[in-house]
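Please read it beside the coordinates.

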Amino acid sequence: MGTSFGRGGATTFQQDLQNADCIVIQGSNMAECHPVGFQWVMEAKARGAKVIHVDPRFTRTSALADLHVPLRAGSDIAFLGGIVNYVLSNNLYFRDYVVAYTNGPVVLREDFRDTEDLDGVFSGLDAEHRSYDTASWQYQGMEVQAAAGQRDAEDERRTGRGRSVDEAARGETHGSGGADIGEGEPERDETMTHPRCVFQVLKRHYARYTPEAVERICGVPQDLFRQVCEWVTQNSGRDRTTAFAYAVGWTQHTVGVQYIRAAAVLQLLLGNIGRPGGGILALRGHASIQGSTDIPTLFNLLPGYIPMPHAHEHQDLESFVRAEAQRKGFWGDMRAYLVSLLKAYWGDAADADNDFCFDHLPRLTGSHSTYETVLAQLDGVCKGYVLYGENPAVGSADAKLQRLGMANLDWLVVRDFSLIESATWWKDGPEIESGELRTEDIRTEVFFLPAAAHTEKDGSFTNTQRLLQWHHQAVEPPGDARSDLWFTYHLGRIVREKLAGSTDPMDRPVLDLTWDYPVKGAIAEPDAEAVLAEINGWDADGNPLASYEQLKDDGSTTCGCWIYCGVHADGVNQAARRTPGREQNWVADEWGWAWPANRRILYNRASADPDGRPWSERKALVWWDAERGQWTGHDIPDFPAERPPSWQPPPGARAAEALSGTDAFVMQADGKGWLYVPSGLTDGPLPTHYEPQDSPFVNLLYRQQRNPVRHLTPSLPDNRYQPSGDEPGAQVFPYVATTYRLTEHHTAGGMSRWQPYLAELQPEFFCEVSPELAAERGLEHTGWATIVSARGVIEARVLVTDRMPPLTVHGRTLHQVGLPYHWGPNGHSIGDAANELLHLSLDPNTHIQEAKAFAVDIRPGRRPRGPAAPALVRAYRVRAGIDDRTGTEM
């Protein structure tokens, strides 16, 4: 969504779903995984909205929907592309919205070639290096450079001998500085008839995504598909809106980013972004997943999505900002955001004379995602590992590789509530049972430190809808359990004490840190609200800031995360507000605080027409009040408050001043929502159907089978890829498996498998199969099944159910296998881990694993034990003819 709209967060909030006329839930089982938020879907349905659930499984969400659409896992782009084609073929798009607020009228360069011209790839493909040169994707007469990695690579050429950034996660950081379209304005055709304008390119691109193609690729009958198309289009336009909601069912693919892009294209065409009851809701996996990217645990981002610098030899603050900040929109003020962050980090030590300690920041030398870290462990480069609330021994793709990596460390620190598998693999993991590892040979020193639960500490969650909500400590943590904040603060304090007096320049970044948080209580718990206040920031006089628009680039303001600026306005913890809904309007902006600036629906300038009037009274949200000379409405306007619709920026204007009165997408360099992405993604400007890495089917749309620039890690013996489509050996793994979550358990199980009541509700690992597959493979209900891939073998109890219906795909019957992924061998509720089966072929933009569509075999009975288990996997590889090159073709 960052590439499409300018920010990576949900465009709307869960309560607004009640205002939708149609809701499409795809890539999510919202009723079971987000049951509290699902009440607003039910509210919309009670008001007459249509609810559509698109999912391989029939779930509780399906049961409450008006329409369940079973489809093949891994085929969502073909399905969404078919809806786009339906919209364009039948002229059902919201033309006035598209012309005013999207890049549909923009003309592309003459040398751009689409997948239609090149049989499944775009112009600029470097097959040898598995990457795209995006020069030909640009607007006519303009040069668009991507944020972060691509622009930083250009900076590398300017500054001299920098380290290569080819492997860095460039697309993941789009929105980090935005994508700069250079000087001037791109060529536009307001009639959208120019053969090279985005709108016409879009029509040609999706012309082959017909109902017939959708049926053959996805397994969705044409009449069912047309029903979806009719409901979505009938409930979009001036007076009606449709909302989309998704979760990790869309993100965990080798084309996961493009799944979300496909929904963005559709929602822009229908005029559903920035409007009540519309938008795209990214349903995050648990309470603060959004917060962990805002103030990031991601290797390539600084707080507020500012890109992490790369390792150039000659780069100062000015050259970094020049390379990263855009000319137009609010990313044009990135220097102010970054300097205020540096002041928050290093306080008085950061001043103009030393570039505000810009050199203290770490530098990227490539991609350092969790999976590259595992490879570094295996190579002996990564010597130590600290796990905060992660359980990679069962929770990450190719779990065996995770354990082998940890077995090659010098030390490992695990902080958790319970003795999870990542703390005990060295004595009771699968490789100990199989003889592949011996406890006495493992040199890793493992430290287990008990962690406090959220009820045992103060703090905030930033949830699905960008909403910060404060939680108060209920009880003291037991025994030696400590919060993450306590552990991090005191670890930093001790390290700084040990370095005190050092004259080594390498120690200055640690010694110069502002590390003076107040503590309280017997265990010296840091004051969480003091941390929140620092994140919010102060002016030169120490007064709390109220908005990121107050940030300065001269070092006079301090702010730990610019998008959170305002959460502590007036010295009040805005995240702790709990004004009842009956005491405010339906937007309820006094319940918690949402970034940015407490806006609940992003891009809401687009809820009004170019003249500032609501598209319809029924869908009014914000509008221009000419008498008062400002934007007003139900929500806080996501637009310069006093910018009239008629405003045209003066020559030379920059940053927010350069936004016209109709540039509703204020973080984009051209102020428009992007139907077509000229830069910022590594794998193409338009969503395109490719088959998953391991697929029993050929790509029926193009000769190109898989995403040509998917991120492949080395094909290690424990990370073999499988043949696909018509390749010899592909039918050794004839079924498609997908993983999913259950209401009763949580992620990798560390918070739930140790709870007796939850263990009783879901006592052991199981697989869901259809009666037809059970008959075909001799599987018995409640009996055992063995599931095999080229990476591993697991066993599961069999649940024979109509909830996994067989589909007709490519003219033949496809059976799918459902695998909940919460299990491992520790706790009260135990079982094998579904992630043993996964490969490390990743989305090239986000480095997320493909967990939602992969090919397997299934057979009756329990899996082998001891050395016989890896022997069975090797036997399958031999049968399929798998070697280190299999599946690595472009």
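Helices (H or I, at least four residues) and strands (E, at least two) are DSSP runs, numbered from the N terminus. The model is predicted: local features need pLDDT of at least 70, side-chain atom pairs count only at pLDDT 80 or more, and totals for chains, interfaces and linings use all residues. Residues are numbered from 1 along each chain as its sequence is written, and side-chain values use heavy atoms, with hydrogens and water left out.

1. Helix 5 (residues 76-89) packs against helix 11 (residues 222-234) at about 60 degrees, their axes being 10 Å apart. Axes are lines fitted to C-alpha atoms, for helices over the stretch in contact, and angles run from 0 to 180 degrees between N-to-C directions. The angle makes helix 5 oblique to helix 11; under 35 degrees counts as roughly parallel, over 145 as roughly antiparallel, 65 to 115 as roughly perpendicular and the rest as oblique. The contact (heavy atoms within 4.5 Å) involves F79, G82, I83, Y86 and V87 of helix 5 and F225, V228, C229, E230 and T233 of helix 11. These residues divide into seven nonpolar, two polar and one charged. Ala, Val, Leu, Ile, Met, Phe, Trp, Tyr, Cys and Pro count as nonpolar, Asp, Glu, Lys and Arg as charged, and the others, Gly among them, as polar.

2. Helix 5 also packs with helix 13 (residues 256-269), at about 15 degrees and with axes 9 Å apart. Helix 5 is therefore roughly parallel to helix 13. From helix 5, D76, I77, L80, I83, V84, V87 and L88 meet Q258, Y259, A262, A263, V265, L266 and L269 of helix 13. The residues of this contact comprise twelve nonpolar, one polar and one charged.

3. Three strands form an open sheet in the order 13-14-17, with antiparallel pairing; two strands pair if DSSP finds at least two bridges between them. Strand 13 (459-462) and strand 17 (593-594) are at the edges with a single partner strand each, so one side of each has no neighbour in the sheet. Strand 13 is joined to strand 14 (residues 467-471) by four bridges, and T462 lies opposite L468 of strand 14.

4. Two backbone features deserve a check. Most residues other than glycine have a negative phi, and most peptide bonds are trans. F356, not a glycine, has a positive phi of about 55 degrees, and lies in the loop between helix 16 (334-346) and helix 17 (370-378). The peptide bond from W595 to P596 is cis, with omega near -5 degrees; P596 belongs to the loop between strand 17 and strand 18 (622-625).
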